[in-house]
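Have a look at the structure first, then read on.

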Amino acid sequence: MTSLTVYEHPLNEQVRIYLRLEYLLDQLDEVSGLSAPCHHIQFFRSLFDLLEILEQVQVKADLAKDLDKLKKKLNAWANVPQVDQTQLNQLLDQVAAHQRSVLQAKRFGQPLREDRFLTSIKQRFSIPGGSCSFDLPVFHYWLHQPLAARQNAIQTWMATLSPLRDALAFWLQLTRESAHGGTATVKQGFYQQEADGACLIRLKLAPDLGVYPLVSGHKNRFAIRFMPFDDDHEVADNMPVHISVC
């Protein structure tokens, strides 16, 4: 059976930033343990993209506020009958732990911005092909250090991002688990729905349908236009799509 492809679309700017950060953090995790120079080059590209976002946006303050909102929502369940109080208390403890970690951390990315080696190579990575050995001999030198030394440096840099990575992953997990929805029927390639106070929608599509979604919307409403990937596919009428609103 063909697995479904999951598409996510944010319905506010904050979640848009969170998803971009998650995407880059996942890339960092994926290549951080690999050894080839091309993997390290991808690691630094993702790292510098991440730092660019953290430089432009006060993610630490926003994430702390969103964790506080999450705590208030969870507290509201305390007096609801048949709620699993043990699980609720565990979630509240996790929220509190992530809040402390976020608030006690330096501004996200600050230790990396202060790193002499990273600072010396960052600008060249914004130039196409700028990581060549003649452009960045110091980077070429680093790439030819023993693997253990390179991986140790990468793990040190990654450790500074732990408060961000862990708190963000927790918030996004609970947001995704709050999803409600089901299979919807798409007519003539178009679908729209009310979404009172939503921040994220998730779609699951079978790849063999040959279409992809273009989503527009905000916290109260969204619309989806399904587009054929190529000329060999047409958008089927009455197409089933699984849509969840978070």
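What follows covers strand pairing, an open sheet and a surface patch.

Keep in mind that this is a predicted model. Strand E7, residues 239-245, has two pairings listed here, with E2 and with E4. A separate topic is the open sheet made by 3 strands in the order E3-E6-E5.

**Strand E7 and its partners**
- E7 is mostly tucked away, with 5 of its 7 residues buried.
- Strand E2 (residues 180-186) runs antiparallel to E7, and 7 bridges join the two.
- Within that pairing, Gly 182 sits opposite Ile 243 of E7.
- Strand E4 (residues 200-205) also pairs with E7 in the antiparallel sense, over 4 bridges.
- Ile 243 turns up here too, as the bridge partner of Leu 203.

**The open sheet**
- Pairing in the E3-E6-E5 sheet is antiparallel.
- Strand E3 (190-194) and E5 are the edge strands, and each has a single partner strand, so one side of each has no neighbour in the sheet.
- From one strand to the next, the twist averages 15°.
- E3 pairs with strand E6 (residues 221-228) over 5 bridges, in the antiparallel sense.
- One of the bridge partners is Arg 221 in E6, which goes with Glu 194.

**The surface patch**
- Tyr 212, Leu 214 and Phe 229 make a nonpolar surface patch of about 330 Å².
- Tyr 212 belongs to strand E5, residues 211-218.
- Is Tyr 212 partly exposed or buried? Its relative accessibility is 31%, so Tyr 212 counts as partly exposed.

Terms used. Residues numbered from 1 in each chain as written. Predicted model: local features only at pLDDT ≥ 70, side-chain atom pairs only at ≥ 80, totals over all residues. Heavy atoms only, no water. Buried < 20%, exposed > 50% of the residue type's maximum accessible area, 1.4 Å probe, protein only. Pairing = 2+ DSSP bridges. Patch = residues over 30% accessible without salt bridge, like charges linked within 9 Å, V, L, I, M, F, W, Y side chains within 5 Å. Areas by Shrake-Rupley, 256 points an atom, 1.4 Å probe, with all protein chains shown as cover. Salt bridge = Lys/Arg side-chain N within 4 Å of Asp/Glu carboxyl O. Axes fitted to C-alpha atoms, helices over the stretch in contact; angles between N-to-C directions.
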